[in-house]
Amino acid sequence: MAPPKADPSKLQSDTSKFSITTAGDTIYKKNTVDSFSLYRISKDSLNGPVVYHADDSMVLDVPTKKMYLYGKTSSIKYTDNELGAPEIEYDQQTGLVRAHLVRDSTGKVISFVSFNQPDFKAVMDSIVFDMRTLKGITKGTYTQQGEIFVSGKTIKKVGKDVFYALDSKFTTCNLDTPHFAFVSHKIKFISQKMAFSGPVHPEFEGVPVPIVLPFGIYPLAQGRHSGLLAPTFAASDQYGISLERLGYYKVISPNWDVITTGTLYSYGGWAVNVNPRYYKRYHYQGNLSLDIQKTKPLDLPSTRTVFINWSHTMDTKARPGVTFTASVRAGSSKYNQLVPNNATQNFTNQMQSSIAYSKTWKDKPYNVIISANHSQNTNSGVINLNIPDVAFNLVTLYPFRRKNEDFIGEYKWYENLGVGLTTNTKSQTFFVDTAKRIVQQIKDNLQWGASHTVPITLSLPQMGVFQVSPGISYSERWYMEQTFRTWNDVLDTTITTRKQGFYTAREMSFSLSATTRIFGMYSFKKSSKVQAIRHEIRPSLSMSYKPDMAKASFYKTRINSLNDSDYVSKYERSIYGAYSRGEFGGMSFSIDNNISMKVRSKKDTSNGGLKKITIIDGLRLDGSYNFLADSFRLSPLTLSARSNLFEKINLTAGATFDPYQRNVNGKRLDKLVWANRPLSLGTLTSGSVSLQSGFKGGDKSKQTSSELTDQNTLQQNAGAIGMPLNDYEQEAAYIRNNPGEFVDFSIPWSVDFSYSLRFGRNYIESSNKSTVDFNQDVTFNGSINLTPKWKLGMNGSFNITQKQLGLLSMYLSREMHCWQMTINVSRSDRQRYFTINISPKSPMLRDLKVNRTRYFIGN
């Protein structure tokens, strides 16, 4: 060991005085001693201390300046290097450290050699390491670089970040004997950056595969880096053999990257996708995707379609009070139908987009929202545009409240009088993308309008058990045109004319509402499992009056050849529509119920061992009565219910009842049904019932390992490339489309299903008859472990009414430790396809796969 260094702080200058005596005089002379170092630093000393530990014993050979450490967990630490081995030799003169494994009398290894550096961690048979130059040679080494495990006969570390491996194997399988590996005679590693090899060939279960690549380049760096994207092969009876998703990933800047891919079909079609993405922390993030495809079915003309998808979000911390979001999905009407191997998208016939900007002023009582919207029906080809919509909101102001900021206490009743304002303006148009002159269509179909609402509220103190709230509302609408319909006897049809201009209509209403809550409880004996049942009733009653201010907006006209006439609004084609005709003076009522019970629970000992179970979350009845109507004063009654049965089955039901009698043909009569059926709510005219539930085996109290793995993988990948987690929506879509590759074998079985029933009664006036329409659907999703390593899953839908099977998908997955095999099969009325995929689990080697895809269109 080198001698200790001198501590300069402990060195002192010595200043003393001595005297010389002469004949009568004494002369004082000052003597000064300079500072100097007590020790000289040895040339062979290290840059830091060496900390050592020996489990068994330590031998120090002074003449040769060597130290020997013995013991199973003996170790030496020097700066950020740590060596552990059962037998270690340290030579102070050369700075070399030698270590090797030790076996017992039976040949079993007692302990291997381990060597750890910040960027290099390895287990080996032996090592020779120079502490001064940080270079060394290891034998029989096993190390990990990122997701790659490397085993080499000899590894030579020649620098801080560079080492070479001789006769090595590398793999992503973490077993001592990996299922697969790539073998190369020489490999160069640059830690956490890149690896380069000469000729390389794969082997499976130790058996070499006669496929040799002349060289290999393997990225090890975490984060984004540009590179090629491997394609997949597929086959279709319509488009031929295809080379899909061949592309390139380019990192433009720390905030931008772009993915460009292309697909080629043997029958002449092609597809191109350009997907730039951007992200600036604490400011914004977005994803833009442009797809252009030219489909060329066999013996049919080609069709070119376009699709654009843009999403943008703004961080609220970037500009407090300002938000900007965008979600755009638009394209050619035939695009979804022509996308191959995607049955879900083939059946999607709606596209919608929204772009919105909002601003709220600090310490100001108003805000503004500007938005643009788009909706598209791919079946009809009709595209609707709202460009733009502007909403201005003035929060409730209290003009009679005192301005004194030091005011303490309650406000007077009149000080709670509040006034607000909501103003909306819209511009709307539409066009058909299959027709010509799109610009002229947009111009001809353009409409605009505005709506203003002024609510006046008054919050009164609670009156006993009742909460009373009066209110006044004034609204006004602006229109750009009036529409008139007249009957033409010659043509035997209706003629429509329009009159352009600026028109207004108004409406005003007055209301007074009262609400309360009623509680009831029935208790059982203490020995009973059910301790109590609790019933809560929430009735509400509202009186309102609306004068007929829209009378001038309606006119009476003939509507058919039978000389029937009806009142029609002048603003029936406007954006906001017309106000309702007639005077209303009546009441609205509702009664909501909640029923729950408390039971003793052996598992849950909190809260005295009592557990609350909800029997009915809500059972609500709604209706209204118009005292000023000439006939049919009582509105249809609406009954709705919701519950979570046994905390497993979500139940939602609703029904509409007509309280008036009907004749034999189903036509309404102005007579209430209670004259003949006093206990009935009326004639059932429409209703719906839906059930959703799911069951699974295994441990339900813990989150499964695969769920944690999927979440962690997404988060790690997002952080690795520097992009936000939202930009991994494509990864989530891949998981949804390939469920067999992401199965959880810890769940032995699972079943999810939903059922819906909808029905309605319609009266057809022309035939003087009524009909009832039923529609039933069921969707299901299930999986089961055939063995601990095989899983079978299926999901689909079935229309019970039409006896028609919707999209049906099945998968079969095989767990192979570091590899996975999946078979996906899907069918629908328009398309059938299957895929067989064998690939490593590691995301780094996802493109290294065996894939077979076939899809068929038509029967």
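**Exercise 1. Is Glu-536 buried or exposed?**

Solution. Glu-536 has 4% relative accessibility, so Glu-536 is buried. Here buried means under 20% relative accessible area, exposed means over 50%, and partly exposed lies in between (1.4 Å probe, protein chains only).

A word on the model before we go on: it is predicted, local features need pLDDT of at least 70, side-chain atom pairs count only at pLDDT 80 or more, and totals for chains, interfaces and linings use all residues. Residues are numbered from 1 along each chain as its sequence is written, and side-chain values use heavy atoms, with hydrogens and water left out.

**Exercise 2. Find which residues form a salt bridge with Arg-538.**

Solution. Start with the rule: a salt bridge is a side-chain nitrogen of Lys or Arg within 4 Å of a carboxyl oxygen of Asp or Glu.

Step 1: Glu-536 pairs with Arg-538, with 3.2 Å between the closest N and O atoms. Arg-538 is partly exposed, at 27% relative accessibility.

Step 2: Asp-592 also pairs with Arg-538, at 3.1 Å between the closest N and O atoms. Asp-592 sits in strand β40 (residues 584–600) and Arg-538 in strand β37 (residues 530–546), so this pair ties together parts 54 residues apart in sequence. Strands are DSSP runs (E, at least two residues), numbered from the N terminus.

Step 3: Asp-592 is buried, at 7% relative accessible area.

**Exercise 3. Which residues are linked with Arg-538 in a network of salt bridges?**

Solution. The network links Arg-538 with Arg-517, Arg-534, Glu-536 and Asp-592. By the salt-bridge rule, the count comes to 18.

Conventions:
Helix = DSSP H or I, 4+ residues; strand = E, 2+ residues; numbered from the N terminus.
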